[in-house]
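Subject: Structure for you to look at

Dear colleague,

I am handing over the structure below. My notes on it follow.

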Amino acid sequence: MTVDEKKELYALLRTVASSLYGCSAREYEQEPVFSADVPDGPAAQPAPEYSSPSVHDGAPSSLDAVAATIASCRKCGLCAKRRSTVPGTGCTSPAVLVIGEGPGADEDASGLPFVGRAGQLLDKMLAAISLSRTANCFIANIVKCRPPNNRDPLPDEMYACRPYLDAQISLLRPASILAVGRIAAQNLLNTSEGIGRLHGVFREYNGIPFMATYHPSALLRNAELKRPAWEDLKLFRSRLETLVPGYAEPFNRERGQPV
Ligand code: URA
């Protein structure tokens, strides 16, 4: 795409976002500096102003290298207002990779995923099926920087961030993926189907068994979703037991329970 095409698309997305999500245009005033994917012509190619390192510049050798790349990323407008980047945290050879939507205020302040109210509930949901971020999970998000006012990440933001998630997945090689919430499920499955239809069904993402369930924030808003979410988690646990027999042992050891 040329720079002008990107600018046009950005303006269109800004209009769509403000009508869909009621975001003030001010949030998008700071248009990212675009560079062209293909040359505009011999004289027209500007020096790219954001040449943030890309995970495509070579296979990332470690999760730390991915996190360092994310820390200096300016591939989308979310970099303008972030306090911290939130690459993800957890075990480096996890049974499960949990994927949420994007950092909120608490995560932006701390640099860690799922540390606010929703995060505390997520930890309880995971513990109910013998998972934790310290024993056998890694927790990451679709976007690594906070969308202003906790709005949904925009398509171009999710697109820009995807190589980081994919790099994390190839380094972590999780036995399975649990997507929490509509945004993560839709984005990873490349569908606009609602979470009501997507949850509780095993699929694959890049060849890895994948299931979606409700986002803990949704459960905090609507207690009626707790029952179907629990059914999803039980299904996830039984599949995980076949994928990684003994997956719960590190969790039980951590809790001082017999393994
Ligand atoms: N919600 C998310 O989806 N991710 C976080 O890290 C925090 C809240």
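A residue counts as exposed here when its relative accessible area is over 50%, and as buried when that area is under 20%. Please keep in mind that this is a predicted model.

Backbone with positive phi

By that cut-off Asn149 is exposed, because its relative accessibility is 59%. Asn149 sits in the loop that runs between β3 (137–141) and α5. Its phi is positive, near 55°, and the residue is not a glycine. For context, a negative phi is what most residues other than glycine have.

Arg173 is another non-glycine residue with a positive phi, in this case near 45°. The loop between α5 and β4 holds Arg173. With a relative accessible area of 68%, Arg173 is exposed.

A positive phi, near 55°, also occurs at Asn190, which follows α6.

Helix α6

How many of the eight residues of α6 are buried? Seven are, so the helix, residues 182–189, is largely enclosed by the rest of the structure. The buried residues are Ile183, Ala184, Ala185, Gln186, Asn187, Leu188 and Leu189.

Ligand site

Which residues are around the ligand? They are Gly100, Glu101, Gly102, Glu107, Pro113, Phe114, Asn141 and His215. By class, this shell divides into two nonpolar, four polar and two charged residues.

Three of these residues deserve a look at the atom level. Asn141 has a polar side-chain atom 2.8 Å from a nitrogen atom of the ligand. Gly102 places a backbone N or O atom 3.0 Å from a ligand nitrogen atom. In the side chain of His215, an N or O atom is 2.8 Å from an oxygen atom of the ligand. On its own the ligand has 240 Å² of accessible area, and the protein covers 92% of it.

If you go through the model yourself, the items to look up are the positive phi values at Asn149, Arg173 and Asn190, the buried residues of α6, and the residues around the ligand.

Regards

Technical notes. Residues numbered from 1 in each chain as written. Predicted model: local features only at pLDDT ≥ 70, side-chain atom pairs only at ≥ 80, totals over all residues. Heavy atoms only, no water. Buried < 20%, exposed > 50% of the residue type's maximum accessible area, 1.4 Å probe, protein only. Helix = DSSP H or I, 4+ residues; strand = E, 2+ residues; numbered from the N terminus. Near = heavy atom within 4 Å. Polar contact = N/O pair within 3.5 Å; in protein donor to acceptor, adjacent residues only side chain to side chain. Areas by Shrake-Rupley, 256 points an atom, 1.4 Å probe, with all protein chains shown as cover. Nonpolar A, V, L, I, M, F, W, Y, C, P; charged D, E, K, R; others polar.
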